[in-house]
Amino acid sequence: GIDSKTYLTLATEVAATGRLPISQPPGFISVLALFIAYAPKPVLYYKIFQFLLLIPTILCTVAAAKIIIPDRIAVWSAVALLSTAAIPAYCATVQYEIPTMFLVSANALFLLRYWRSKTNRENTQYLWAAAVSALTGMLFREVLFVFTLVLLLAVLLKSHGKKQALIVCLV
């Protein structure tokens, strides 16, 4: 892709200097810099990494979907996701879409599990997992800040009720 050359240039600079660019969120460029610094064929290995990252992405997507829709529809949704032309196209490029898709699907799963959890221990585990995936997502794509807001709203709704959550969100 067109952006792939830019990302590779930025990641090569990071691998050589250790300084992160201010023009991009640091997560994706840092991961790519690790491949450049340590992999004998960084572009090929990164593409393989993206392809392998599809497995937990699909598992998270199906698990999240099963919480809110019937199992059979959730599985067919995953099949439909895999069948789109965009997925192999993104795996063939050096882009942030596949890692971002993984972080979004993991965040959705953790938020839904948090929402449905019954014990304080489960609450805490899913809340922390959702927070980590949301913050990591923001390092890959700044627009994923929305997931952090969703996380905050979910926490407030569950712990304080609708009225207080809406007041906090409006402030």
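## Ser4 and its surroundings

Ser4 touches Thr93, Val94 and Gln95, when residues up to four places away in sequence are not counted. In this predicted model, Ser4 lies in helix H1, which runs over residues 2–17, and at 7% relative accessibility Ser4 counts as buried.

Thr12 also has its place in helix H1, but at 40% relative accessibility Thr12 counts as partly exposed. Thr12 and Phe35 are separated by 23 residues in sequence, and their C-alpha atoms are 9.6 Å apart in space.

## Overall architecture

The protein chain contains nine helices and zero strands, and its pattern, read along the sequence, is α-α-α-α-α-α-α-α-α. Of its 171 residues, 34% count as buried. Among the contacts in the chain with a separation of 6 or more, 59% are accounted for by residues 24 or more positions apart.

## The loop between H2 and H3

Ala39 lies in the loop that joins H2 to H3. With a relative accessible area of 14%, Ala39 is buried, since buried means under 20% relative accessible area. Once its neighbours within four places in sequence are left aside, Ala39 is in contact with Leu34 and Tyr45.

## Helix H3

Helix H3 comprises 27 residues, which at 1.5 Å a residue should span 39 Å, and this agrees with the 39 Å that separates its end C-alpha atoms. The buried residues of H3 are Tyr46, Gln50, Leu53, Leu54, Thr57, Ile58, Cys60, Val62, Ala63, Ala64 and Ala65. What covers these buried residues of H3 includes helix H2 (26–38), helix H4 (71–83), helix H5 (86–91) and H6.

Pro56 also has its place in helix H3, although at 27% relative accessibility Pro56 counts as partly exposed. Pro56 and Ala106 are 50 residues apart in sequence, while the distance between them in space, C-alpha to C-alpha, is 8.4 Å.

## Packing of H3 against H6

The axes of helix H3 (residues 42–68) and helix H6 (residues 97–116) come within 8 Å of each other and cross at roughly 25°. Angles under 35 degrees count as roughly parallel, and H3 and H6 are therefore roughly parallel to each other. The crossing of these two helices, H3 and H6, is left-handed.

On the H3 side, the contact is made by Tyr46, Gln50, Leu53, Leu54, Pro56, Thr57, Cys60, Thr61, Ala63, Ala64, Ile67 and Ile68. On the H6 side, the contributing residues are Ile98, Pro99, Met101, Phe102, Ser105, Ala106, Ala108, Leu109, Leu112, Arg113 and Arg116. By class, the residues of the contact of H3 with H6 divide into 17 nonpolar, four polar and two charged.

## Helix H6

The residues of H6 that are buried are Ile98, Pro99, Thr100, Leu103, Ser105, Ala106, Asn107, Leu109, Leu111 and Tyr114.

Thr100 is found in helix H6 and is buried, with a relative accessible area of 10%. Not counting residues up to four places away in sequence, Thr100 touches Phe140, Arg141 and Leu144.

## Packing of H6 against H7

H6 also packs with helix H7 (residues 120–140), at an angle of about 155° and with the two axes 8 Å apart. Angles over 145 degrees count as roughly antiparallel, and H6 and H7 are therefore roughly antiparallel to each other. H6 passes H7 in a crossing that is left-handed.

From H6, the residues Pro99, Thr100, Leu103, Ala106, Asn107, Phe110, Leu111, Arg113 and Tyr114 take part in the contact. They meet Asn123, Tyr126, Leu127, Ala129, Ala130, Ser133, Ala134, Thr136, Gly137 and Phe140 in H7. Sorted by class, the contact of H6 with H7 has twelve nonpolar, six polar and one charged residues.

How values were computed: Residues are numbered from 1 along each chain as its sequence is written. This is a predicted model: local features need pLDDT of at least 70, side-chain atom pairs count only at pLDDT 80 or more; totals for chains, interfaces and linings use all residues. Side-chain values use heavy atoms; hydrogens and water are left out. Axes are lines fitted to C-alpha atoms, for helices over the stretch in contact, and angles run from 0 to 180 degrees between N-to-C directions. Helices (H or I, at least four residues) and strands (E, at least two) are DSSP runs, numbered from the N terminus. Angles under 35 degrees count as roughly parallel, over 145 as roughly antiparallel, 65 to 115 as roughly perpendicular and the rest as oblique. A crossing is left-handed if the near helix is turned anticlockwise from the far one by less than a right angle, and right-handed if clockwise. Contact means heavy atoms within 4.5 Å. Ala, Val, Leu, Ile, Met, Phe, Trp, Tyr, Cys and Pro count as nonpolar, Asp, Glu, Lys and Arg as charged, and the others, Gly among them, as polar. The expected span of a helix is 1.5 Å times one less than its number of residues. Buried means under 20% relative accessible area, exposed over 50%, partly exposed in between (1.4 Å probe, protein chains only).
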